[in-house]
Amino acid sequence: MSTLKDKLKTDLTASMKSRNEVRTRTIRMALAAVNVEEVAGKTARELSDDEIIKVLTKEAKKRREAAEAFSGAGRTEQAQAEVDEQAVLEEYLPAQLSDEELGRLVDEAVAETGAAGPQAMGQVMKVLNPKVAGRAEGGRVAQAVRARLSA
């Protein structure tokens, strides 16, 4: 079993004992999402830590988008619940790249591929995605690449 999944299960037990409802609910949801991903496809398989991080990143993004939707609709209580769940999920994710670090990686990828112009975005993204995996959201990366290539 992956170490991240073990940590989630251990933390679930601890949060249940401490009666932390938000943490318990969030970790249960995360483990359920991991289990769904493990049995998706033709055969069941064990996810690696990297694959679990992708699942948790997806779940954190769902929470962020739901919080925005709730706050836009004036439902602050539900929005706060989503923000709280997102904060719990982010404890298990690698630290996000700062704008400066992302910019530096984009510059390196552009130099490595020799890309020029917006039509070369796919080449740059292919080189850049493995370097930023889990540490920056795809939309943010694409925006940085687009800005760099159009400059």
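Trainee: Which element gives the largest share of the lining of the largest pocket?

Mentor: This is a predicted model, and its largest pocket has a volume of about 430 Å³. The elements that give two or more residues to the lining are α3 (49–72), α6 (121–132) and α7 (138–150). The largest share, six residues, comes from α3.

Trainee: Which residues lie nearest the centre of the largest pocket?

Mentor: The lining divides into seven nonpolar, five polar and seven charged residues. The pocket is lined by 19 residues, and those nearest its centre are Thr-57, Gln-96, Gly-134, Ala-136 and Glu-137.

Trainee: Is Ile-53 buried or exposed?

Mentor: Ile-53 is found in helix α3. Leaving aside neighbours within four places in sequence, Ile-53 is in contact with Leu-4, Leu-93, Pro-94 and Gly-134. Buried means under 20% relative accessible area. The value for Ile-53 is 17%, so Ile-53 is buried.

Trainee: How far apart in space are Ile-53 and Val-34?

Mentor: In sequence, Ile-53 and Val-34 are 19 residues apart. From C-alpha to C-alpha, the distance between Ile-53 and Val-34 is 9.5 Å.

Trainee: Which residues is Ile-52 in contact with, leaving aside neighbours within four places in sequence?

Mentor: Ile-52 is one of the residues that touch the most other members of the largest nonpolar core. With the neighbours within four places left aside, its contacts are Ser-2, Leu-4, Lys-5, Leu-8, Val-34 and Leu-47.

Trainee: Which residues of α4 are buried?

Mentor: Helix α4 has 15 residues and reaches 21 Å from its first C-alpha to its last, close to the 21 Å expected. What covers its buried residues includes α2 and α3. The buried residues of α4 are Ala-79, Glu-82, Glu-85, Gln-86, Val-88 and Leu-89.

Trainee: Why does Gln-86 count as buried?

Mentor: Gln-86 is placed in helix α4 (residues 76–90). Not counting residues up to four places away in sequence, Gln-86 touches Ala-60, Arg-63 and Arg-64. The cut-off for buried is under 20% relative accessible area. Gln-86 counts as buried because its relative accessibility is 12%.

Trainee: What is the phi of Arg-19?

Mentor: Arg-19 lies in the loop between α1 (3–17) and α2 (21–39). Arg-19 is exposed, with a relative accessible area of 72%. Most residues other than glycine have a negative phi. Arg-19 is not a glycine, yet its phi is positive, at about 60 degrees.

Trainee: How far apart are the C-alpha atoms of Ala-133 and Thr-24?

Mentor: Ala-133 lies in the loop between α6 and α7. Ala-133 is partly exposed, with a relative accessible area of 47%. Ala-133 and Thr-24 are 109 residues apart along the chain, and their C-alpha atoms are separated by 27 Å.

Definitions and conventions:
Residues numbered from 1 in each chain as written. Predicted model: local features only at pLDDT ≥ 70, side-chain atom pairs only at ≥ 80, totals over all residues. Heavy atoms only, no water. 1 Å grid on protein atoms, 1.4 Å probe; cavity = no way out; pocket = protein on both sides within 12 Å on 5 of 7 lines; lining within 4 Å. Points joined across faces, edges and corners; volume = space filled by probe spheres on them. Helix = DSSP H or I, 4+ residues; strand = E, 2+ residues; numbered from the N terminus. Nonpolar A, V, L, I, M, F, W, Y, C, P; charged D, E, K, R; others polar. Buried < 20%, exposed > 50% of the residue type's maximum accessible area, 1.4 Å probe, protein only. Contact = heavy atoms within 4.5 Å. Core = buried A, V, L, I, M, F, W, Y, C linked by side-chain atoms within 4.5 Å. Expected span 1.5 Å × (residues − 1).
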